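Q: I'd like to go through this one by asking what stands behind each label. Can we take it step by step?
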Amino acid sequence: MVEIVLTAAERESGQLTEASVQKAIRAIREEGFVVLKDAVAPEHVQILREQVLADVQDFVNRPDAPFNWVKGNVQQDPPPFPPFLFRDVLANEFVIQITHQIMGDGVFNSFYSGNTALPSGERQPVHADQGHLWPNLEVAHPPYALVINLPLVDMSSENGSTEIWPGSHLDTSIAVQSGDIKVSPEKLDAQRKVSPPIQPTVSAGSLLIRDMRLWHAGMPNHTEQPRPMLAMIHNVAWWPTGKFALHPEAESLLSHPVLRQHADYSSTDINYKAAGSAYEFVESK
């Protein structure tokens, strides 16, 4: 795993050196992901962590609880209004440097949600959130979507760190046209011989940037505490997508010359606890 530790000079300037940017880009292109260590202010992480953990049961107790495959993983939106909105989360300068260089002008954020690994022995099937735009190319095309994950607690294999399959984003047989984002056992066996999966240890406040085509899976949380993690998605300029809701005050807070928030700022009354829907979840009997 490539982890970039921000230098004092980078923190002071708010900008990565070109060497750090290129190191991150190389990791994303080759391995499919990179980690920016401690890139979000600890006090912002604490505020978000306390609120997200306070909200968990409201999502779990919904009659239409947004479980993803298993009850061990629930999609959970964070509050999209002050005082829970932070520029270093939704418009992080270090992340924008990297995603802009990879995807070019017009890059925009199309998503603000998260997933919480609940205490459970269950795991998700290995899947890619989205596949390749053109199937079975000889060489993988460049990224068109990059997920930015922010763990709100230190995460490891003990509390359900996401299983990641390094280099799997380069398998062009997994395409958007297939209609199923799960990866077959045959493909998993083949990829395991080339590059086996890992469960990275990532500190709270670090940012994990991954290619949306990268194979991954939510894993069991063997502790007694939920493991919350937020998610954003940076897209190439021409990618079609709907808007997500943010409080009107966020428009000026998150205004940026490079990254656009593809958001609807029209409402101050957003029922974020009603967001999300279950994905391939079947209640066990």
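Predicted model: local features only at pLDDT ≥ 70, side-chain atom pairs only at ≥ 80, totals over all residues.

Q: Why is Val-2 called partly exposed?
A: Its relative accessibility is 26%. Buried needs under 20% and exposed needs over 50%, so Val-2 at 26% counts as partly exposed. It sits in the segment before β1 (3–5).

Q: How far is Val-2 from Ile-98?
A: They are 96 residues apart in sequence and 14 Å apart in space, C-alpha to C-alpha.

Q: What makes Ser-20 buried or exposed?
A: Ser-20 comes out at 13% relative accessibility. The cut-off for buried is under 20%, so Ser-20 counts as buried. Ser-20 belongs to helix α2 (residues 18–30), and beyond its neighbours within four places in sequence it is in contact with Ile-4 and Glu-10.

Q: How do you know that helix α5 is mostly covered?
A: Count the buried residues: 8 of the 11 in α5 (residues 93–103). They are Phe-94, Val-95, Ile-96, Gln-97, Ile-98, Thr-99, Ile-102 and Met-103.

Q: And what covers the buried residues of α5?
A: The cover includes α1 (8–13), α2, β2 (33–37), β6, β8 and β10.

Q: Why is strand β6 described as largely enclosed?
A: Because 7 of the 7 residues of β6 (residues 145–151) are buried, the rest of the structure largely encloses this strand.

Q: Which residues show that both faces of β6 are covered?
A: In a regular strand the side chains alternate between the two faces of the sheet. On one side of β6 you find Ala-145, Val-147, Asn-149 and Pro-151, on the other Leu-146, Ile-148 and Leu-150, and all are buried.

Q: How do you know that β6 pairs with β10?
A: At least two bridges are needed for a pair. β6 and β10 (residues 227–235) have 7 bridges, in the antiparallel sense. One place to look is Val-147, which stands opposite Ile-233 in β10.

Q: What joins β6 to β8?
A: 4 bridges, and the two strands run antiparallel. Here Val-147 has Arg-210 of β8 (residues 207–211) as its bridge partner.

Q: Why is Met-232 called buried?
A: Met-232 has 0% relative accessibility.

Q: What does Met-232 contact, setting aside neighbours within four places in sequence?
A: Val-89, Leu-90, Asn-109, Phe-111, Tyr-112, Leu-146, Val-147 and Ile-148. As for Tyr-112, it is 120 residues from Met-232 in sequence but 4.9 Å away in space, C-alpha to C-alpha.

Q: What makes the chain's radius of gyration agree with a compact globule?
A: For 285 residues a compact globule would come out near 19 Å, and the chain has 18 Å, so the two agree.

Q: How many residues of the chain count as buried, as a percentage?
A: 53% of the 285. As for contacts with a separation of 6 or more, residues 24 or more positions apart account for 87%.

Terms used
Residues numbered from 1 in each chain as written. Heavy atoms only, no water. Buried < 20%, exposed > 50% of the residue type's maximum accessible area, 1.4 Å probe, protein only. Rg over C-alpha atoms; globule rule 2.2 N^0.38 Å. Contact = heavy atoms within 4.5 Å.
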